[in-house]
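Please examine the sequence and the three-dimensional structure shown below.

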Amino acid sequence: MSDTTSSELPNTAGEGPLSYAIFQLARAHRGHAAAMLRAMNLHPGQELLLMQLFDHDGRTQAELLERAGLDHSTVSKSLRRMQEAGLLTREPAPHDRRVMVVHLTDAGRALKKPIADMWRTLEQISVHDLTPDQIQAFTTCAHIIEKSVRDHSRQPPAK
């Protein structure tokens, strides 16, 4: 797989040039972010869970699942890995032993600045050749597209 992307669309993507561009962008962005996360011994998505805990330590596993926008198996696997790495603890909630409450350890809290620095650097790389107006327009469009895709995903399949 090449790191360079041809500006020429494959024929089958011709009816979806925006979707193809989103895919290529997401792949490149996620790949660069993953490399930056590996330097912190993290896997993609783990930083999203940690950021939620930085804002509010002691969230339940279900709250993290909802807030991070990740699927259940990804969250469970990520939390297990992070617990094994000593970044967090999970314990049953006092009010309901079936509910797992997640807390940062000192090692987990120590990642707050490196993760913030990583996101700032990734942002600077991403917007390097854009004007402030282009950044705002892109961000607005991205949120609209995300909402449209999410809303469509919630609809029952057509028969």
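Two residues are said to be in contact when heavy atoms of theirs lie within 4.5 Å. The structure to which this term is applied here is a predicted model. When its neighbours within four places in sequence are left aside, Leu-79 is in contact with Leu-49, Gln-61, Leu-64, Leu-88, Arg-90 and Val-102.

Leu-79 also belongs to the largest nonpolar core, which has 22 residues. Within this core, the residues that touch the most other members are Leu-42, Leu-49, Leu-50, Leu-79, Met-82, Leu-111 and Ile-115. Two or more residues of the core are supplied by each of α1, α2, α3 (61–68), α4 (72–84), β3 and α6. Helix α2 provides the largest share, namely four residues. In soluble globular proteins, nonpolar side chains tend to be buried together.

Asp-96 is located in strand β3, which comprises residues 96–104. Is Asp-96 buried or exposed? Asp-96 counts as buried because its relative accessibility is 19%, and the term applies to values under 20%. Between the C-alpha atoms of Asp-96 and Leu-50 the separation is 23 Å, the two residues being 46 apart along the chain.

The wider architecture can now be described. The protein contains seven helices and three strands, and their order from the N terminus is α-α-β-α-α-β-β-α-α-α. Its C-alpha trace spans about 55 × 45 × 35 Å along the principal axes. Of the 159 residues in the protein, 25% are buried. Among contacts with a separation of 6 or more, 50% are between residues 24 or more positions apart. The accessible surface amounts to about 11400 Å², and carbon and sulfur atoms account for 56% of this area.

The largest pocket of the protein has a volume of about 1500 Å³. Its lining consists of 37 residues, and those nearest the centre of the pocket are Leu-25, Ala-26, His-29, Phe-138 and Ala-142. The elements giving two or more residues to this lining are α1 (17–38), α2 (46–55), α6 (112–127) and α7 (132–154). Of these, α1 makes the largest contribution, with 12 residues.

Methods
Residues are numbered from 1 along each chain as its sequence is written. This is a predicted model: local features need pLDDT of at least 70, side-chain atom pairs count only at pLDDT 80 or more; totals for chains, interfaces and linings use all residues. Side-chain values use heavy atoms; hydrogens and water are left out. On a 1 Å grid over the protein atoms alone, a cavity is a set of points where a 1.4 Å probe fits but cannot get out, and a pocket is an open set with protein on both sides within 12 Å along at least five of seven lines; lining residues have an atom within 4 Å of a point. Grid points are joined across faces, edges and corners, and a volume is the space filled by probe spheres set on the points. Buried means under 20% relative accessible area, exposed over 50%, partly exposed in between (1.4 Å probe, protein chains only). Accessible areas come from the Shrake-Rupley method with a 1.4 Å probe; for residues, only the protein chains shown count as cover. A nonpolar core is a set of buried Ala, Val, Leu, Ile, Met, Phe, Trp, Tyr and Cys residues joined through side-chain atoms within 4.5 Å.
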